[in-house]
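Please keep the sequence and the 3D view open while reading.

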Amino acid sequence: MYHKNPTYRVFYLFNIAFLVLISVVCVLPLLHIFAVSLSGKSAADSNLVGLIPVDFSLDGYLRTFENSNFLSALRISVLRSAVGTVLAMCVTVLAAFPLSRNSKEFRGRSFYVWFFLIIMIFDAGLVPHYILMEKINLINSFWIFILPGLVNVWNIILMMNFFRALPRDLDEAAIMDGATSFQIMSRIYLPVSLPAIATLSLFTLVGHWNAWFDGMLYMTSPDRWPLATLLQTIVVVQDFSKTGIRFEDLQTLSNRSVKSAQIFIAMLPILLVYPFLQRFFVKGIVLGAIKE
């Protein structure tokens with residue numbers, strides 16, 4: 001057997017060691033941020049914290065949860081990610097299923113395929129996009145985070161190829177039993193497409209959670225920012241005037257501890273969601289592959 005071959009064993013051990021090394025490299029920064037968030041002011045400011053908290057303190061988390069701007073941003077990001085992911089996947093599935101049919105079953109298929117490809121390749125630019133959002137009254141609206149990115153052409157193409165790779169015998173059996181197109185999609189295609197849907201849902205969820213530029217561009221008030229925009233202002237720009245953090249707090253707390261606490265809290269939801277969808281990745285990551 002190939003797994004008893006000495007060359008294969010060496011290759012297998014090398015892969016294991018390489019993956020363990022990558023895992024350690026990915027985990028160590030998270031442990032460092034967590035340790036800094038639990039450390040005291042002098043240790044954090046002096047950069048004396050490694051992977052273990054020094055002068056253990058929960059003040060960074062207490063001040064973070066007392067910050068009304070942070071809680072508002074967290075609520076907006078959670079709501080945006082949940083609503084945006086659900087609506088985007090509904091649109092993706094409803095668009096991908098008819099496009100996966102042939103030209104005889106869907107006469108306008110070629111037109112819509114070219115239409116989606118053209119709008120994916122060509123973009124009018126940021127200024128016309130902003131003017132359009134202003135004309136339809138989406139500036140300072142929660143739906144500015146959802147509607148512009150609702151139709152993700154790349155996800156539609158991936159989902160369409162996944163549907164097209166499924167055996168057509170499923171369609172024929174359902175049609176003989178009198179099923180409609182919607183029933184075929186909802187009762188046959190969706191259950192067998194859960195790996196693809198879960199994978200695209202996670203990508204969409206992470207995209208919404210990490211998006212910060214639209215909040216900076218379309219929201220004029222900090223209390224309407226999503227969490228990623230607030231963190232970008234705190235960590236990158238280091239502008240505390242719009243974040244709800246008081247000057248008195250910075251005198252008794254470490255700036256690094258507060259920022260680390262907020263970064264860790266922002267990472268936590270994705271870290272909690274990812275393990276539940278991990279089991280779908282083996283199948284979902286090969287979208288459009290041949291199915292038996």
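Predicted model: local features only at pLDDT ≥ 70, side-chain atom pairs only at ≥ 80, totals over all residues.

Asn137 is found in the loop that runs between H6 and helix H7 (153–165). The phi angle of Asn137 is near 60°, a positive value in a residue other than glycine. Most residues other than glycine have a negative phi.

Asn140 is found in the loop between H6 and H7 too. Its phi is near 65°, again a positive value in a residue other than glycine. Asn140 has a relative accessible area of 23% and is partly exposed.

## Contacts across the sequence

Asn140 and Ser221 are 81 residues apart in sequence, and their C-alpha atoms are 8.0 Å apart in space. Ser221 lies in the loop between H11 and H12. With 22% relative accessibility, Ser221 counts as partly exposed.

A second pair is Leu38 and Asp55, 17 residues apart in sequence and 8.0 Å apart from C-alpha to C-alpha. Leu38 belongs to the loop between H1 and helix H2 (41–45). Is Leu38 buried or exposed? Leu38 is buried, because its relative accessible area is 8%, and buried means under 20%.

## The salt bridge

How many salt bridges does a search of the whole structure find? The search finds one. Its partners are Arg80 and Asp214, whose closest N and O atoms are 2.6 Å apart. The pair links distant parts of the chain: Arg80 sits in helix H4 (residues 68–99) and Asp214 in helix H11, 134 residues apart. Both partners, Arg80 and Asp214, are buried.

## The largest pocket

Rolling a probe the size of a water molecule over the atoms shows where empty space is left. The largest pocket holds about 880 Å³ of space. Its lining has 29 residues, and those nearest the centre are Asp123, His129, Pro148, Gly149 and Val151.

Four helices each supply at least two residues of this lining: helix H5 (109–121), helix H6 (126–135), helix H10 (194–210) and helix H11 (213–218). By type, the lining residues of the largest pocket divide into 19 nonpolar, eight polar and two charged.

## The second largest pocket

The second largest pocket contains about 290 Å³ of space. It is lined by 15 residues, with Trp209, Asn210, Ala228, Leu231 and Ala266 nearest its centre. The elements that give two or more residues to this lining are H10, helix H12 (227–237) and helix H14 (255–277).

Which element gives the most to the lining of the second largest pocket? H12 does, with six residues. The lining residues of the second largest pocket divide into 12 nonpolar, three polar and no charged.

Val20 has a relative accessible area of 47% and is partly exposed.

Technical notes: Residues numbered from 1 in each chain as written. Heavy atoms only, no water. Buried < 20%, exposed > 50% of the residue type's maximum accessible area, 1.4 Å probe, protein only. 1 Å grid on protein atoms, 1.4 Å probe; cavity = no way out; pocket = protein on both sides within 12 Å on 5 of 7 lines; lining within 4 Å. Points joined across faces, edges and corners; volume = space filled by probe spheres on them. Nonpolar A, V, L, I, M, F, W, Y, C, P; charged D, E, K, R; others polar. Salt bridge = Lys/Arg side-chain N within 4 Å of Asp/Glu carboxyl O.
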